[in-house]
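The following note sets out points on the sheet, the domains and the relation between the copies. It is intended to be read beside the sequence and the coordinates.

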Number of protein chains: 2
Amino acid sequence: MRQAGRYLPEYRSLRQAARSFLELCYTPELAVEITLQPIRRFGMDAAILFSDILVVPDALGCAVRFEEGAGPRLTPIRTQQDLRGLALDGLQERLAAVYATVRALRERLPEDTALIGFAGAPWTVAAYMVEGETSKEYARARILARREPKLFGALIDLLVEATTTHLLAQIEAGAQVVQLFDSWAGVLPEPEFVQWCQKPAARIVAALKAARPDVPVIAFPRGAGALYPAYQNAVASDGLGLDTAVPLAWARRALPETCLQGNLDPIALVVGGRTMRAEAERIVAALAGSRFIFNLGHGVLPETDPDSVAELVGFIKSLSPESA
Amino acid sequence: MRQAGRYLPEYRSLRQAARSFLELCYTPELAVEITLQPIRRFGMDAAILFSDILVVPDALGCAVRFEEGAGPRLTPIRTQQDLRGLALDGLQERLAAVYATVRALRERLPEDTALIGFAGAPWTVAAYMVEGETSKEYARARILARREPKLFGALIDLLVEATTTHLLAQIEAGAQVVQLFDSWAGVLPEPEFVQWCQKPAARIVAALKAARPDVPVIAFPRGAGALYPAYQNAVASDGLGLDTAVPLAWARRALPETCLQGNLDPIALVVGGRTMRAEAERIVAALAGSRFIFNLGHGVLPETDPDSVAELVGFIKSLSPESA
């Protein structure tokens, strides 16, 4: 999971020395180091780029700030005029530091450690852009989407293009897999889920596949519940991230061909020990014999003991000797 | 939905005159008036008792306070000693005001307006009790459930008994339907969902049915996603509340015999007009010809215009003349 770091003391000391969270994302030397920290400690099979889903709205002109304790703040986008202030041209130049990080990582990572790039999906990023901050229910974004579907649709269209550009640039720089995070997919009713999550993701995956059919794409519509199978059939990504609430036997039956990823409860990692191993075993048992990527169903919690992560990685490697 | 009132000016003026939110719940005269307010305005087919799911922990000894803007605060229950401080004996006496409200409502409501009683489900109430406040992810409760499953299980057992007692007392006082709200069911992985949501709900429904087989029970495991059908098959309630994210065609196929309820996005009611009517029509069309209760998938939002509620009720009645 991408929230690499907050549980590692070596991350927290880099964070304290930086002026802001975004400075970490935009300074290749620091972003490379933070990406490498968990790999150095734990030797996972894949590294995920240290970055943030909000670098895209930041590069579009939304002026993102991260305030300590309060989460991100953005200049809100709520009118046609706000939308006209955003610029897609030059996006790659403004995110050059991210691609420099990817290039440096490809040189610094062990040969057999895959590098995963990522972006936020249009609905989740648009929800942040309309609210201007994090929110429990994203009511303002959901109201705007219903009151002004043309305006909201234009914002989603812009984000489909920006996200595709950003992911392709990460691939060109050396990312070997890319992941699309739709963290707030679970708050929408079915018709809006199809319109604002499923269709935009399908467009992004199709564009990526047209340009780079060799690079696997993992989609993660967190909270999609019973809509997971329809989403996957429409989006046709190579892999599908499952949140902690998804019943695995059901997902495996509904999607026999898809490479599934995720599902481990981050709470199990906080508790550690036997509880954690039992949960990991349950997931491996449910998905054994089919294509899957062992992962959490949500980010690592800050209170997690790094020793538990080490124990988990060792435990999983002991179950799959070919990847050890 | 039970969050009756916050969008009605006549509720807000009663709320301002009271010392606390719980005073409204514990003063039959006020709770009766608040329950009647939406019925008087809109003439729905059923009224839901004005109360709160936290009256049960309050009566068990958790000293609930509602702080303006901050939500509820409870004395947290995190140890065996905390748990020993809770008392099931005398619960009905301490909640006598709630049952007096039900009795008075049965006299004051029109003959053909059903009265719905309710309670929080054990997992949701336990999550509040462990946290001591509302929380985004209920991490402390989930950690305690995994670290000390015996302690947490004892708390759930206590809540199964208290909830059954509280619902039966509402039925004896005149509630004609009861609803069990598991608002935080969606944060648990499948095995814990079965253990802490599904099995406790099944025990409560079985106990209610043994005592009063004539009274319908509606269960609402909000956020259960793909676990809805297994939950319903195990719990065997008469009705099932669906949150806004549940795809209706899927739910209807998976549960052909169950009376379904809910699903309307409260945001559609805030937006009103054509959007609202289109959403309502979609739900009616998907569930037409089978047993269902038209309702929201979550509470009415405070910014909702009462005129939109009136329009919605009129629109639904125009579609189902037999209930007009």
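**Notes on the predicted model**

1. In chain B, β5(B), helix α11 (residues 190–211) and β6(B) make a right-handed β-α-β unit. Right-handed means that, with the strands pointing away from the viewer, the path from the first strand over the helix to the second runs clockwise. Helices (H or I, at least four residues) and strands (E, at least two) are DSSP runs, numbered from the N terminus.

2. The model is predicted: local features need pLDDT of at least 70, side-chain atom pairs count only at pLDDT 80 or more, and totals for chains, interfaces and linings use all residues. Residues are numbered from 1 along each chain as its sequence is written, while chains are lettered from A and ligands numbered from 1 in the order in which they are written.

3. The open sheet of chain B contains 7 strands in the order β1-β4-β5-β6-β7-β8-β9, with parallel pairing; two strands pair if DSSP finds at least two bridges between them. At the edges stand β1 (46–48) and β9 (292–293) of chain B, each with a single partner strand, so one side of each is left without a neighbour in the sheet.

4. Buried denotes 20 or more other C-beta atoms within 10 Å of the residue's own, with C-beta atoms placed from the backbone. V177(B), Q179(B) and F181(B) point one way from β5(B), and V178(B), L180(B) and D182(B) the other way. In a regular strand the side chains alternate between the two faces of the sheet.

5. Strand β4 (residues 114–120) of chain B pairs with β5(B) in the parallel sense over 5 bridges, and I116(B) stands opposite V177(B). Another 5 bridges join β5(B) to β6(B), where F181(B) faces F220(B). Between β6 (residues 217–221) and β7 (residues 239–242) of chain B there are 2 bridges, with A219(B) opposite L240(B).

6. Chain A is divided into domain 1 (9–237) and domain 2 (243–324), bounds that come from an automatic or database domain assignment. Their centres, taken over C-alpha atoms, are separated by 23 Å. In chain A, 11 residues of domain 1 are in contact (C-beta atoms, placed from the backbone, within 7 Å) with 12 residues of domain 2. On the domain 1 side, α12(A) gives the largest share, 3 residues.

Terms used. Contact = placed C-beta atoms within 7 Å. Buried ≥ 20, exposed ≤ 12 C-beta atoms within 10 Å, placed from the backbone.
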